[in-house]
Amino acid sequence: MTATGRHFLQIPGPTNTPLAVLAAMAKPTIDHRGPEFQKLAMDVLTRIRPVFGTKNPVIIYPASGTGAWEAALVNVLSPGDKVVMVETGWFATLWNKMASKFGIQTEFIATDWRAGAEAAAIEARLSEDKGHTIKAVCVVHNETSTGCVSDIAAVRAAMDRAGHPALLMVDTISSLASIEYKHDAWGVDVTVAGSQKGLMLPPGLSFNAVSDKAIAAAKANTFPRSFWDWQEMIAINEKGFFPYTPATNMLQGLKVALDMLEEEGLDAVFARHNRAAEATRRAVRHWGFETVCKKPSDYSSSLTAVMLPEGHSADALRKTILERSNMSLGNGLGKLADKVFRIGHLGDFHDLMVTGTLSGVEMGLAAAGIPHNAGGVEVAMRYLNGNH
Ligand SMILES: *Cc1c(COP(=O)(O)O)cnc(C)c1O
């Protein structure tokens, strides 16, 4: 079938890029050492800080989120260092694998992939570490493979209760600018983020927000790194430039994305995501399916991962929906492959895109012959209309 109409990109990142952002990126490429760029860089480097909830520098790399993961590790850790990570799902697993490749000793606290990180488990592990050999705790804020959020303020409180000096590093790649997050107030040392999810940009930029303690750790750290080195970046950024060619057109897009977030207001952005997520969960429940996330306090507002009944292929359903409705949904990752599909509701969207997405899923369920209660879209519409 020839695809007509607008493609519905409802995966949990990359997300739909607003036309205003695309238009800004289509402007002619500028001199990255000229005054026009300097003005742009100063502007985005300043205005990105409140999005992370920080007054400290935010480092911007021309890289996908995976690059910013690596930057976080190599700036403050060294081979042989011990870190505690929490296996919230597939993305936590990948970050853990990366750390292992650098010779970092990781302790991976297991979960069933159906809730966020448990602060109590982190506290227990740190309390045992009387000699303070653990250098960092790494947590994924919004685990994109499961749709479960970890309570970062609770993790920080647990670390404080244990009286442990480990750094706290958090992956917010699929939560930043979608789900409330406070780098400074929650005492996070390194926050990792990417451009292609809540920030509404295409893939290609990634970020490290850094605490004073993290900057001090990076200064003392002798682990070899060059491209990812914070110190050179921070020093040159202060003048509005970069140590190597930055992704100039992406930064032009970022400026407009920041305008949009400021205009709507971050609290309104978070509320819009919460509403879309609740509408989606109500539809899913009505259809008769479970969400992967079992703990209501940990439900993600940027995506919902849906479990299909035993014996039905989530990948076949996604294929049906792509062919019939020109809509992309996220696949199940790792041990959830083919059992789960993921509905992205983050970035640039409004109510009609949410109900349109749910319509595509409901029509797909019928077409694929997967037993479900029809009318989930109706339930979502009632919720969005405020009469439920
Ligand atoms: C998307 C994502 C990543 C990977 O980012 P890339 O940009 O694909 O390198 C890592 N962690 C989380 C939580 C993600 O959602």
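Me: Before we start on this predicted model, what does "buried" mean for a residue?
Reply: Buried means under 20% relative accessible area. In this chain, buried residues make up 57% of the 388 residues.

Me: And what radius of gyration would a compact globule with 388 residues have?
Reply: It would come out near 21 Å, and the chain has 21 Å, so the two agree. Along the principal axes, the C-alpha trace spans about 60 × 55 × 35 Å.

Me: How many helices and strands does the chain have?
Reply: There are 14 helices and 14 strands. As for contacts between residues at least 6 apart in sequence, 73% of them join residues at least 24 apart.

Me: Which residues have the most contacts inside the largest nonpolar core?
Reply: That core has 87 residues, and the ones to look for are Trp95, Met169, Phe207, Trp230 and Leu254. Another core, of 26 residues, lies apart from it, and includes Trp287 and Leu384.

Me: Is methionine 200 buried or exposed?
Reply: Buried, at 4% relative accessibility. Alanine 177 is buried too, at 2%.

Me: Which peptide bond is cis?
Reply: Look at the one from glycine 13 to proline 14, with omega near -5°. Proline 14 lies in the loop between strand E1 and helix H1.

Note on methods
Residues numbered from 1 in each chain as written. Predicted model: local features only at pLDDT ≥ 70, side-chain atom pairs only at ≥ 80, totals over all residues. Heavy atoms only, no water. Helix = DSSP H or I, 4+ residues; strand = E, 2+ residues; numbered from the N terminus. Rg over C-alpha atoms; globule rule 2.2 N^0.38 Å. Buried < 20%, exposed > 50% of the residue type's maximum accessible area, 1.4 Å probe, protein only. Contact = heavy atoms within 4.5 Å. Core = buried A, V, L, I, M, F, W, Y, C linked by side-chain atoms within 4.5 Å.
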